[in-house]
Amino acid sequence: MAISNVFGGGGGTASAETKQKTEDLSSECDGEKTVFTTSFNYLSAHMKVYWNGLRQSPNDFVVSSSNRLTTLFTAQSGDDLIIDYLRE
């Protein structure tokens, strides 16, 4: 007997997918700014920061609050700064 629709109509990972966010903060890079605000509160253990395509170590940024991130590097104008995180 075949098993039908094991994960239900929404699939098995729908809730995780809706919580996963990617934000492009590149337009905020100006050679001075190091504090960035995300659109949503996030789970700090799930923050990933990419500077010019390279994933940064958790030692390269500080979670300032539930929706702020402080980088320990200064992204210059024209740099790419992308963050991936899980919403609370």
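**Note on a sheet, a salt bridge and a loop**

1. Lysine 33 is partly exposed, because its relative accessible area is 29% and the class lies between buried (under 20% relative accessible area) and exposed (over 50%), with a 1.4 Å probe and protein chains only. The model is predicted: local features need pLDDT of at least 70, side-chain atom pairs count only at pLDDT 80 or more, and totals for chains, interfaces and linings use all residues. Residues are numbered from 1 along each chain as its sequence is written, and side-chain values use heavy atoms, with hydrogens and water left out.

2. Which side chain does lysine 33 meet in a salt bridge? Its partner is glutamate 28, at 2.6 Å from N to O. A salt bridge is a side-chain nitrogen of Lys or Arg within 4 Å of a carboxyl oxygen of Asp or Glu. Side chains of opposite charge can pair when their charged atoms come close. Glutamate 28 is partly exposed, at 27% relative accessibility. A search of the whole structure finds one salt bridge.

3. Aspartate 79 is buried yet has no salt bridge. The nearest side chain of opposite charge is lysine 33, 14 Å away. Here Lys and Arg count as positive, Asp and Glu as negative; His and the chain ends are not counted.

4. What does the side chain of aspartate 79 make a polar contact with? It is the side chain of tryptophan 51, at 3.0 Å. A polar contact is a pair of N or O atoms within 3.5 Å; within protein, one must be able to donate a hydrogen and the other to accept it, and residues adjacent in sequence count only if both atoms are side-chain atoms. The backbone nitrogen of glutamine 76 lies 2.8 Å from a polar atom of the aspartate 79 side chain.

5. Aspartate 79 sits in the loop between S6 and strand S7 (81-86). Strands are DSSP runs (E, at least two residues), numbered from the N terminus. Alanine 75 is also in the loop between S6 and S7. Alanine 75 counts as buried, at 1% relative accessibility. Alanine 75 and aspartate 30 are 45 residues apart in sequence, but 6.8 Å apart in space, C-alpha to C-alpha.

6. Now the sheet. Three strands form an open sheet in the order S2-S6-S5, with antiparallel pairing. Two strands pair if DSSP finds at least two bridges between them. The edge strands, S2 (35-37) and S5 (61-63), each pair on one side only. S5 and S6 (residues 68-71) pair over three bridges. Valine 62 stands opposite threonine 70 in S6.

Note on methods: Helix = DSSP H or I, 4+ residues; strand = E, 2+ residues; numbered from the N terminus.
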